[in-house]
Amino acid sequence: PSEMNRIFRVSFNSMYGKTVDPVEMKSLIDPTYLPGGSNNPESIILKTSGPRFGFTGFTGKAAEYIQRPKVDGGLEGIPVMFQFGYQFEKQYLNEGNFQGLLEFIPMITGADQGQFIPSFSLLNGFRSQKSGLEIAFGPSFSFSKVAEGYFDSAGTWKFSYAAPTPYTLEDRLDSRGTTRLNPSFIIGVGKTFKKGRMNMPVNAWVRPSKSSTQFGVSWGFNVQKAK
């Protein structure tokens with residue numbers, strides 16, 4: 001009923017051969033156009049905000065740091081860790097079957113091994129409402145401890161604030177160091193499975209870098225409320 005004026009205007013203009021705005025016409029007759037909009041306000045827009053759980057693996061120098069003994073500045077752990085967090089998402093584009101999204105995802109890694117490694121990602125994503133397929137990418141930031149030191153002639157790491165000649169100082173992941181913010185880039189793909197009003201997103205992602213690569217899988221859930 002709230003759209004009667006538009007319906008009459010478009011109908012009479014069509015009947016008498018007057019100009020009709022094609023966008024307005026489409027919004028009235030195409031049931032897939034702008035879900036949740038004036039043409040079908042009772043439709044449910046796919047949203048996957050909610051808790052996230054999963055596992056992440058490390059390679060390269062990050063894996064070496066995690067497995068290194070604690071007496072040598074490592075974590076003495078396994079380079080596969082449990083993660084949990086929450087995904088907040090905001091839709092900025094909705095054109096029928098196509099969604100554009102901003103996603104903010106804070107995560108905590110390593111609680112299963114007695115570690116507290118926070119990170120957060122700010123991603124730009126694109127999703128199909130019909131299939132639930134999605135791709136997202138953007139910057140990610142994590143916190144880790146880094147120390148200065150040098151490798152001696154025997155290849156042994158020396159934790160130090162000064163290096164004797166001819167050695168030079170370099171940074172290394174080390175639990176005895178100071179906490180630093182590490183920026184990186186992350187790209188992920190996923191699919192949302194729907195069962196009634198429940199959404200179950202499953203995602204795989206990778207965070208590449210020069211010295212190591214981090215990858216992972218996650219899943220979550222939410223219950224979509226009807227409008």
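Ser212 is buried, with a relative accessible area of 15%. I start there because the cut-off for buried is under 20%, and Ser212 at 15% falls on that side. The residue lies in the loop between strand 9 and strand 10. What does Ser212 touch, leaving out residues up to four places away in sequence? The contacts are Thr59, Gly60, Lys61, Ala62 and Arg207.

Before going on: this is a predicted model, and every value I quote is computed from it.

Strand 3 covers residues 98-109 and strand 4 covers residues 117-128. The two run antiparallel, with 12 bridges joining them.

Within it, Phe126 has Ile135 of strand 5 as bridge partner. Strand 4 and strand 5 make a hairpin, with 4 residues between them. Which residue in that turn has a positive phi? It is Gly132, at about 80 degrees.

From strand 5 we go to strand 8, residues 178-195. There are 14 bridges between strand 5 and strand 8, again in the antiparallel sense.

Val189 stands opposite Ala204, which is in strand 9. This pair of strands forms a hairpin too, with 2 residues between them. In the turn, Gly196 has a positive phi of about 65 degrees.

Which strands each supply at least two residues of the patch? They are strand 9, residues 198-207, and strand 10, residues 214-220. The largest share, 3 residues, comes from strand 9.

Is Val202 buried or partly exposed? Its relative accessible area is 40%, so it is partly exposed.

For a residue in strand 2, take Asn94; that strand covers residues 80-95. Asn94 is buried, at a relative accessible area of 13%. Asn94 and Pro22 are 72 residues apart in sequence, and their C-alpha atoms are 18 Å apart in space.

Next, charges. Side chains of opposite charge can pair when their charged atoms come close. How many salt bridges does a search of the whole structure find? The search finds 10.

Glu24 takes part in a salt bridge with Arg6, at 3.6 Å from N to O. Glu24 is in helix 2, residues 22-29, and Arg6 is in helix 1, residues 4-15, so this pair ties together parts that are 18 residues apart in sequence. Both ends count as buried, Glu24 at 15% relative accessibility and Arg6 at 18%.

Glu24 has a salt bridge with Arg9 as well, at 2.5 Å from N to O. Since Arg9 lies in helix 1 and Glu24 in helix 2, the pair ties together parts that are 15 residues apart in sequence. Arg9 counts as partly exposed, at 38% relative accessibility.

Elsewhere, Asp152 forms a salt bridge with Lys158, and the closest N and O atoms are 3.9 Å apart. The cut-off for a salt bridge is within 4 Å, so this pair qualifies. Asp152 is buried, with a relative accessible area of 19%, whereas Lys158 is partly exposed at 34%.

Finally, there is a network. Which residues are linked in it? Asp72, Arg172, Asp174 and Arg176 are linked by salt bridges.

Terms used: Residues are numbered from 1 along each chain as its sequence is written. This is a predicted model: local features need pLDDT of at least 70, side-chain atom pairs count only at pLDDT 80 or more; totals for chains, interfaces and linings use all residues. Side-chain values use heavy atoms; hydrogens and water are left out. Buried means under 20% relative accessible area, exposed over 50%, partly exposed in between (1.4 Å probe, protein chains only). Two strands pair if DSSP finds at least two bridges between them. Contact means heavy atoms within 4.5 Å. A salt bridge is a side-chain nitrogen of Lys or Arg within 4 Å of a carboxyl oxygen of Asp or Glu.
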